[in-house]
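Here is a short walk through one protein model, written for someone who likes to know the cut-offs behind the words. Have a look at the structure, and then let us go through it together.

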Amino acid sequence: MTAGSCAHLSAIEKVKTAKAYECETCVKIGAQWVHLRTCQTCGATLCCDSSPNRHASKHAHSSGHPVVASAEPGERWLYCFPDEAFAEY
């Protein structure tokens with residue numbers, strides 16, 4: 001994995017993947033999502049910033065969990081919210 005100077009991305013040893021292809025919070029409130037991201041701290045799978053509710057970024061900011069992985073089929077990348085950094089894996 002190429003993480004550049006981001007310590008959060010460099011700290012990821014094993015990428016957590018989605019347990020189900022759904023936004024956990026959108027399912028609870030009956031909302032729709034566009035793309036999904038999986039938190040690399042707790043494993044929650046939530047919707048992206050293109051989705052109406054932006055649950056993944058809200059989760060990252062409220063919990064302090066910095067890194068998500070794309071949960072989209074065929075995509076293999078990580079994103080760090082505090083450092084605004086990407087890495088492929």
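## How the strands pair

Two strands are said to pair if DSSP finds at least two bridges between them. Helices (H or I, at least four residues) and strands (E, at least two) are DSSP runs, numbered from the N terminus. Before the details, a word on the source: this is a predicted model, where local features need pLDDT of at least 70 and side-chain atom pairs count only at pLDDT 80 or more, while totals for chains, interfaces and linings use all residues. Residues are numbered from 1 along each chain as its sequence is written, and side-chain values use heavy atoms, with hydrogens and water left out.

Strand S3 (residues 67–70) is joined to S4 by three bridges in the antiparallel sense, with Val67 opposite Cys80 in S4. On to the next partner: strand S4 (residues 77–80) and S5 are also antiparallel, over four bridges, and here Trp77 faces Glu88 in S5.

In what order do the five strands of the open sheet run? The order is S2-S1-S3-S4-S5, with antiparallel pairing. Strand S2 (45–47) and S5 are the edge strands, each pairing on one side only.

Buried means under 20% relative accessible area, exposed over 50%, and partly exposed in between (1.4 Å probe, protein chains only).

Four residues lie between the strands in the hairpin of S4 and S5, where Glu84 takes a positive phi near 50 degrees. At 64% relative accessibility, Glu84 is exposed. Arg54 also has a positive phi, near 50 degrees, in a residue other than glycine. Arg54 sits in the loop between S2 and helix H3 (55–63) and is partly exposed, with a relative accessible area of 39%.

## An aromatic cluster

The whole structure holds three aromatic pairs. In Tyr79 and Phe81 the ring centres are 5.1 Å apart and the planes stand at 85 degrees, so this pair is edge-to-face. Tyr79 and Phe86 make a tilted pair, with 4.7 Å centre to centre and 50 degrees between the planes. For these labels, rings of Phe, Tyr and Trp (its six-membered ring) pair if their centres lie within 6.5 Å; planes under 30 degrees apart count as stacked, over 60 as edge-to-face and the rest as tilted.

Trp77, Tyr79, Phe81 and Phe86 form one aromatic cluster. Is Phe86 buried or exposed? Phe86 is exposed, with a relative accessible area of 54%, while Tyr79 is buried at 16%. Phe81 is buried as well.

## The largest pocket

The largest pocket holds about 150 Å³ of space. A pocket is an open set of points on a 1 Å grid over the protein atoms alone, where a 1.4 Å probe fits, with protein on both sides within 12 Å along at least five of seven lines; lining residues have an atom within 4 Å of a point. The volume is the space filled by probe spheres set on the points, which are joined across faces, edges and corners.

Among the residues lining this pocket are Arg37, Asp49, Trp77, Tyr79, Phe81 and Phe86. By class, the lining has seven nonpolar, one polar and two charged residues. Here Ala, Val, Leu, Ile, Met, Phe, Trp, Tyr, Cys and Pro count as nonpolar, Asp, Glu, Lys and Arg as charged, and the others, Gly among them, as polar.
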